[in-house]
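Dear colleague,

Please find below the structure that I am handing over to you. My notes on its strands and helices follow it.

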Amino acid sequence: MNTPPSPPGVERTDGSAVRIGALVPLTRPGWAEAGRHLLAGLELGVREVNDTGGIAGRPLELVVRDTAADPRRAVAAVDELAGLGVAALAGEYHSVVARAAAARADALGLPFLCSSAVLDALTEQPAEWVARLAPAQSHGWKIYADFLLGAGHSRIAVAAQPSVYWASGTRVLRDHLAPRGGTVIELDMGALTPTAVCDELVGHRATALLLLVGHPEPAVPIVRAVRRDPRLAEVMIGAPAGQPEFAGWATSLGDDGAAIPFLRYLPERLGPLGARVGTALCERLAEAPSFVAFEGYDTVAVLADVLRSHGVDRARIAESWPRVAVEGTRGRIRFSRTPDIGVWQWTWAPVQVVDRDPAEPERFRILHTG
């Protein structure tokens, strides 16, 4: 691997701490609640590494930058963190932001372990410097499509906002459902009100509506409109991107937010490590941890193992991706090359389709596993 020259003014990591740059959405329009969970997992991982001797006796330090769901801001943060001498980058939740960060990190020769973004094309070209924990969108959303068919839904409407991520998800659903007799009806949320969405569902005889939109707007008003329309009493609402995972969803919608299936990346039952980490995350967050918090913790577990084995040289870190074998909270993590995915990919984190129980909205029901 050719190592790009270090830019002028780089602060070497030869001092007391080994530094990891963390990209996290902490303010709007980023999904700050997801960012808070991701950061909690990253921070817990760093604390546990330091409690067990750090990296060859040196403390691990997280240098956090808020991306606020802005790709340009993320690219600027990558440049800054590279100049600060971080050994690697971690994090990011939003796929479009992670894609911009991954391209810049690969160009700079800065290892980036992406925690949570799922867009298949995280990089346009094969990237040696980038690895990912989250399952690719095509993998998870095909499992979601199988769930829809198994539940008897073949006329599926998607209420979508303009976005590479939402367009990619719609394409995955259509390509997977069409050969199996399913139809995907696109509803443009740039042109429709929530009431108009209800009329479109009736007109198209859709039995399921998938929310490929932001939260709280326009997801919350769409859910309320559909729930209150007597014509749509039998229509299932779904949110494959995982909005109902977070407490803010239940706070916004109450009982209306239950029975809306979504994807999450957890095993049916956590092992001893996952259970212990889950308890610690719950204490840190003062609420049940989402799968995103576990992704954050696993990111640090992988990077700490690589740093202990291969040191802080960036090229050696990137060269180690195919040799990683780390016990994470959700299974053993290894990276490989996967067709049509340009980064080193964990194949795969466990995938579930889950919803909030209408009888007890704080409790999750596992509806389908991939």
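Strand β15 (residues 352-357) and β16 run antiparallel and are joined by six bridges. Within this pairing, D355 has R365 of β16 as its bridge partner. Strands, like helices, are DSSP runs numbered from the N terminus (E, at least two residues, for strands; H or I, at least four, for helices). Two strands count as paired if DSSP finds at least two bridges between them.

The model is predicted, with pLDDT of at least 70 required for local features and 80 or more for side-chain atom pairs, while totals for chains, interfaces and linings use all residues. Residues are numbered from 1 along each chain as its sequence is written, and side-chain values use heavy atoms, without hydrogens and water.

Sheets

β15 and β16 belong to an open sheet of three strands, ordered β10-β15-β16 with antiparallel pairing. Its edge strands, each pairing on one side only, are β10 (262-264) and β16 (360-369). Neighbouring strands of this sheet are turned against each other by 45° on average, direction ignored. Angles run from 0 to 180 degrees between N-to-C directions, and axes are lines fitted to C-alpha atoms, for helices over the stretch in contact.

A further open sheet has four strands in the order β7-β6-β8-β9, with parallel pairing. Here β7 (183-188) and β9 (236-238) form the edges, each pairing on one side only. The twist from one strand to the next averages 25°. Five bridges link strand β6 (residues 155-160) and strand β8 (residues 208-212) in the parallel sense, and I156 stands opposite A208 in β8. Helix α4 lies across β6, β8 and β9, running at about 175° to β9. α5 also packs on the sheet, where α5 touches β6, β7 and β8 and makes about 160° with the direction of β7. Contact means heavy atoms within 4.5 Å.

Helix pairs

Two packed helices are described by the angle between their axes and the distance between the axes.

For α4 (residues 137-150) and α5 (residues 164-177), the axes come within 9 Å and cross at roughly 50°. By class, the contact of α4 with α5 has eight nonpolar, six polar and two charged residues. Ala, Val, Leu, Ile, Met, Phe, Trp, Tyr, Cys and Pro count as nonpolar, Asp, Glu, Lys and Arg as charged, and the others, Gly among them, as polar.

Helix α10 (residues 291-310) comes within 10 Å of α9 (residues 272-285), axis to axis, and the two cross at roughly 110°. They are therefore roughly perpendicular to each other. In this contact, L273, G274, R276, V277, G278, L281 and L285 of α9 meet A293, F294 and Y297 of α10. These residues divide into seven nonpolar, two polar and one charged.

Helix α1 (residues 32-51) packs with α10 at an angle of about 35°, the axes being 7 Å apart. Among the residues in contact are H37, L38 and E48 of α1, and Y297, V300 and R308 of α10. The contact of α1 with α10 comprises 11 nonpolar, five polar and two charged residues.

Yours sincerely

Notes. Angles under 35 degrees count as roughly parallel, over 145 as roughly antiparallel, 65 to 115 as roughly perpendicular and the rest as oblique.
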